[in-house]
Amino acid sequence: MASSSLLSSSSRKWLRRLWNDSNKSKYYSSCSSGVVVGDSDSEVESSGISRPLCEILKELNKKVPDHLVKTRLQNDGFPLRYVPWHTVNRILNLHAPEWSGEVRSITYSPDSNSVSVVYRVTLYGTDAEIFRESTGTASIHDTTYGDPVQKAEAMAFRRACARFGLALHLYHEDAS
């Protein structure tokens, strides 16, 4: 069955309204089933479900376009470039539609000053499935950008995805 039949026209329109970007088609040019990722009315094709894991990983290891990368100042005043969790989620939906994710644990520090979350992301290919886990920790007292558990979960999710190569280039950039 062709993967394009998995999403109805109305589902594709709904996805288009959620997140659409005219520059995405340049970045995700090898896709083929009609899932939309971006800001405009251009439709970007999904890579589909029935693919070997090596093809999924090849797509995830591509550099994330700069217009999808956000910057915020850390407490020490240094800029931090990152891809928001919801964008990472959509990139996974595009290239590995059958991925799954789960919170494995939530742990508060003994002094109750921080919370750590362990998150697992599993990718399913036609030939194999693999998972990666990572942690995220947030201060209980830092309430900027959401509550501490949500922040730690988003951090752990992005880091687990980076272990597959998604946005990994951001971890290697020089701070200038």
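Tutor: Helices are DSSP runs of H or I with at least four residues, and they are numbered from the N terminus. Please keep in mind that this is a predicted model.

Student: In which helix is Ala 162 found?

Tutor: The numbering of helices starts at the N terminus. Helix α5 covers residues 148-162. Ala 162 is accordingly found in helix α5.

Student: Is Ala 162 buried or exposed?

Tutor: Ala 162 touches Leu 168 and Tyr 171, when residues up to four places away in sequence are not counted. A residue counts as buried under 20% relative accessible area. Because its relative accessible area is 6%, Ala 162 is buried.

Student: How many residues apart in sequence are Ala 162 and Leu 60?

Tutor: In space, the C-alpha atoms of Ala 162 and Leu 60 are 8.9 Å apart. Leu 60 belongs to α3, whereas Ala 162 is in α5. The separation of the two in sequence is 102 residues.

Student: What pattern does the chain follow along the sequence?

Tutor: The secondary structure comes to five helices and five strands. Of the 176 residues of the chain, 39% count as buried. Read along the sequence, the pattern is α-α-α-β-β-α-β-β-β-α.

Student: Which strands stand at the edges of the open sheet of three strands?

Tutor: The order of this open sheet is β3-β4-β5, with antiparallel pairing. Each edge strand has a single partner strand, so one side of it is left without a neighbour in the sheet. On average, neighbouring strands of the sheet are turned by 20° against each other, direction ignored. The edge strands are β3 and β5.

Student: Over how many bridges do β3 and β4 pair?

Tutor: The sense of the pairing between β3 and β4 is antiparallel. Ser 100 stands opposite Thr 122 in β4, and Thr 107 stands opposite Ser 116 in β4. The pairing of β3 and β4 extends over eight bridges.

Student: In the hairpin of β3 and β4, which residue takes a positive phi?

Tutor: This hairpin has five residues between the strands. Ser 109 also has its place in the loop between β3 and β4; at 17% relative accessibility, Ser 109 counts as buried. The side chain of Ser 109 makes a polar contact of 2.5 Å with the side chain of Asp 111. The residue with a positive phi, near 60°, is Ser 112.

Student: Which helix lies across β3, β4 and β5?

Tutor: Helix α3, residues 53-60, lies across β4 and β5 and runs at about 130° to β4. The helix in question runs at about 145° to β5. That helix is α5.

Student: Why does Ser 134 count as buried?

Tutor: Ser 134 is found in strand β5, residues 129-139. Leaving out residues up to four places away in sequence, Ser 134 touches Val 117, Val 118, Tyr 119, Ala 156, Arg 159, Ala 160 and Arg 163. The cut-off for a buried residue is under 20% relative accessible area. Ser 134 is buried because its relative accessible area is 7%.

Student: With which side chain does the side chain of Trp 99 make a polar contact?

Tutor: Trp 99 has its place in the loop between α4 and β3, and at 16% relative accessibility Trp 99 counts as buried. From C-alpha to C-alpha, Trp 99 and Leu 123 are 4.6 Å apart, although 24 residues separate them in sequence. The polar contact, of 2.7 Å, joins the side chain of Trp 99 to that of Asn 93.

Student: At what angle do α3 and α4 pack?

Tutor: The axes of α3 and α4 are 10 Å apart, and the crossing of these helices is right-handed. Their contact is made by Ile 56, Glu 59 and Leu 60 of α3 and by Ile 91, Leu 92 and His 95 of α4. By class, this contact has four nonpolar, one polar and one charged residues. The packing angle of α3 and α4 is about 145°.

Conventions
Residues numbered from 1 in each chain as written. Predicted model: local features only at pLDDT ≥ 70, side-chain atom pairs only at ≥ 80, totals over all residues. Heavy atoms only, no water. Helix = DSSP H or I, 4+ residues; strand = E, 2+ residues; numbered from the N terminus. Buried < 20%, exposed > 50% of the residue type's maximum accessible area, 1.4 Å probe, protein only. Contact = heavy atoms within 4.5 Å. Pairing = 2+ DSSP bridges. Axes fitted to C-alpha atoms, helices over the stretch in contact; angles between N-to-C directions. Polar contact = N/O pair within 3.5 Å; in protein donor to acceptor, adjacent residues only side chain to side chain. Left-handed = near helix turned anticlockwise from the far one by under 90°. Nonpolar A, V, L, I, M, F, W, Y, C, P; charged D, E, K, R; others polar.
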